[in-house]
Amino acid sequence: MRKFIIDTDTGSDDAAAIIIAALNRNIDLLGVTTVAGNVSVEQATKNALMTLEVCEADAPVYIGAGCPLLSERKETISVHGADGMGDCGIINPKRSAQTKRAVDFILDTVSEYPDEVELVVLGPATNIALAVLTDRETMKKAKHIWSMGTPGFGPGNATPVAEFNVFIDAEAYAVMLESGIPITIAGFDLCTGKTGLGKKELAALAGGNKIGKFLERATSQLLQFKLNTRQTYMVDLPDALAMAAALWDGFVLDSVNCYCKCCTQRNETHGQVIFYRQDRTYEAVSDMYKANAEVITEVDENLFIEKLIQLMV
Amino acid sequence: MEQNKTVCFNGHRTNRLPKGEKLKKLEKDLNMEIRKAISNGFHTFLFGACFGFDLIAASQVLKLKKENEICLIAVVPFKGQENRWGENLRQKYKDTLTQCDEVIVMHEHYCPGCYFDRNKYMVDNSSLIICYYDGGNGGTAQTVGYAKTKIEILNLYRQSRAFFICRVKYNLSLKTDSVSSDNIRQGVTMRKFIIDTDTGSDDAVALIMAVLESDIDVLGITTIGGNIPLEQTTKNALQTVEECGAVIPVYPGASKPLMRELVTADNVHGADGMGDMGLIHPSRMPEKKRAVDFILETVAANPDEIELVALGPVTNIALAIMKDRKTMKKVKHIWSMGTSGFGPGNITPVAEFNVFVDAESYSVLLDSGIPITIAGFDLCLGDAALNPDDLAELSVSRLGKFIVDCNKTRLAYNENLTGVPYVDLPDAVAMAAAIWPDVVLETVTAHCYCCTKEVPSYGQVIICDISAPFSVKYDIPETFSTVVKKIDPERFKKRLKESIGMREELDGEKVYY
């Protein structure tokens, strides 16, 4: 059985991803590590515990970094709600988190199961970077990283050129890219109209099982944000797409190997990831950049919606 | 031929002549003036034998030949000039020539300058020129310029303008300017352009588009190193202007970017930047004046009128701004081919060539406060690029063939890279945004920031759409540009073909330039 650790800043789309993993009988979900991002690490931890509870999964939760590597907090707009889960009062977990710290859990687990552990990174990569910086040799034994991060080949959402997860901790993302661990990136550009949950899908969730109802409530503030800013009745779930890429055969249709350079200078490009595609030549760039990630370019949108709804009705 | 008894005719081609009732009026005016000339002792009439005013004048002379002892002489620029014309026009031309008393052919084959040789011959052998000249650039401008101080000039355009002025009293939507003898204007104001270019193959297309457009007055062309070095871009600009039969001064500019070594793209455009087809042999020389001085002087002399079209790295424009910011604030508009628009870069993952060559200059441009419209590289791909069928259609006309030939290297480069043969014309799209606004479907107002500080992002222009929602609190500075987001590719190609290739006339005749 494939072994997974999920690292998350549990907002509503993280919750969808956790649900996909928690309900999957073919994987061993070894644990969930939390990080500050969408919300504080304390809130992210509560949200993760609650999501697992709703799925009746008993994977342990480990509290991680409360702020980015360089401690600087960026001012963000809360798109998921103040509690990161729709502000509907649905977060009241009975369980508690573990006392061991997230980074120690990650290092211990990768050590214990060399070349087996797959990390699904759904928020800022602070915990992963800390693990790499603490013990690079051990982390080289991680099997694969599935990253929800970067805008892919589209425009940014945090800034014109940066996606939220990377922007919050660009230094951490750069460390992760240089770690030597095989990485697959699901960028925000995969959130097209067809991978989002529209009126029909959200209604199905609301009328579905307790998991479906939970997710529909959790995404209610996100829906409002989309309605206010883009006048579309739709909820994007980029983290769920990253999870689908990891777990569902046939979901990823095409990808390209790239050398990915994360910009960390504190200027207009902060958090931008520049992709040097291996299938292109750039006249002003010599070919000396070696690919460090596989970036997903095409997915089966129908498969995603079908399989996701199936879990919740 | 007795010079003092000879009249010559010269005027615009059909696209710059009036239509319908106004055309009939022009024909009547011509008839009247020819009668006047005959009664004043003139008996020999020379005409330039092109379609448009020349043939119209000739047919009036032929009408009067029936009752008068006069002779009509055709002065043809080169043998077989009618071969590229439509069937009907060719026939009309042949019919007219058979009725001429003499046909003088200036050259066996087309060569640059053959039109000027014809015009010069006619003026040198006449004492009166009856012309139709609207004040804009072109072959007629050249002839009238040559004829001034030598012989008498009678411009029938001025006469039909009187007709126009009467109408103005009852139609306030018409714009008029005061009539001066040196710069006669139409009822519609001519736009004043300066084109700054690193004339490679797609710049050439854009230049031709502007020169052929009847309400654009290209005051001058400034050149910059870019696609190929400065000396070559200057030669290419001169040759392109000559191909149009136009006379436009070319001012060489900066040979190097502000702070870097020049990066070129001869692998895309050819070593001569124009397909390496032996097309480049201009007969005119560039001006001695520097590009920056020409720009500043022209803007100062024409405040709030000059539109700059920037088709290459913008070093010249940045230098002008840095030299005299106050004057440059009087530039009416900048039309820029630059940035990757809303798509990926071409020379690096995030940068487009023109900006990459001199990002510091582009940054100066963006911060200058001059109104700017940006057409990014993303617009010229896909359906807007010329496919082999489009190229074949264009090749039918002389100018069309010139454009296809000069883009030969570009075609091969694209086919090599992608497997698909196509010619993408980013400069032509940028020019279209300036002169054919119906080609533009959507624009956004954005704050644009040009990255100059680090290697991976150098030359990237971040387009910050002010209407886009960002999940991070992002203060957008308040200098804005207009960025073209979407064009109509079919309309763009149709307009291009009509302008440079075939052109359908009102009476259904197809005309080729």
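Okay, A:Asp87. In this predicted model, A:Asp87 comes out as partly exposed, because its relative accessibility is 39%. You'll find A:Asp87 in the loop that runs between strand 3 (61-63) and helix 3 (102-112) of chain A. As a rule, most residues other than glycine have a negative phi.

A:Asp115 sits in the loop between helix 3 and strand 4 (117-121) of chain A. Is A:Asp115 buried or exposed? A:Asp115 counts as exposed, because its relative accessibility is 52% and the cut-off for exposed is over 50%.

Now let's go inside chain A, to A:Thr126. This threonine belongs to helix 4, residues 126-134. A:Thr126 has a relative accessible area of 2%, so it's buried. What does its side chain pair with? A:Thr126 makes a 2.8 Å polar contact, side chain to side chain, with A:Asp169. Leaving aside residues up to four places away in sequence, the residues that A:Thr126 touches include A:Val35, A:Ala65, A:Cys67, A:Pro68 and A:Leu69, as well as A:Asp169 and A:Ala172.

Over to chain B for a moment. Helix 2 there covers residues 53-65, which is 13 residues. From first C-alpha to last it reaches 18 Å, close to the 18 Å expected at 1.5 Å a residue. Helix 2 of chain B is mostly covered, with 10 of its 13 residues buried. Among the buried ones are B:Phe53, B:Leu55, B:Ile56, B:Val61 and B:Leu64, but also B:Asp54 and B:Gln60.

Last bit: how the two chains meet. On the chain A side, 30 residues are in contact with 25 residues of chain B. Together the chains bury about 2,500 Å², and 63% of that is on carbon and sulfur atoms. Which three residues supply more of chain A's buried area than any other three? They're A:Pro160, A:Glu268 and A:Glu283, with 23% of the area that chain A buries against chain B.

Helix 6 (164-168), helix 10 (220-230) and strand 8 (273-277) of chain A are the elements giving two or more residues to the side that touches chain B. By class, that side has 14 nonpolar, 10 polar and six charged residues.

Notes
Residues are numbered from 1 along each chain as its sequence is written. Chains are lettered from A and ligands numbered from 1 in the order in which they are written. This is a predicted model: local features need pLDDT of at least 70, side-chain atom pairs count only at pLDDT 80 or more; totals for chains, interfaces and linings use all residues. Side-chain values use heavy atoms; hydrogens and water are left out. Contact means heavy atoms within 4.5 Å. Buried area is the accessible area (1.4 Å probe) that two parts lose on being put together, summed over both. Helices (H or I, at least four residues) and strands (E, at least two) are DSSP runs, numbered from the N terminus. Ala, Val, Leu, Ile, Met, Phe, Trp, Tyr, Cys and Pro count as nonpolar, Asp, Glu, Lys and Arg as charged, and the others, Gly among them, as polar. Buried means under 20% relative accessible area, exposed over 50%, partly exposed in between (1.4 Å probe, protein chains only). A polar contact is a pair of N or O atoms within 3.5 Å; within protein, one must be able to donate a hydrogen and the other to accept it, and residues adjacent in sequence count only if both atoms are side-chain atoms. The expected span of a helix is 1.5 Å times one less than its number of residues.
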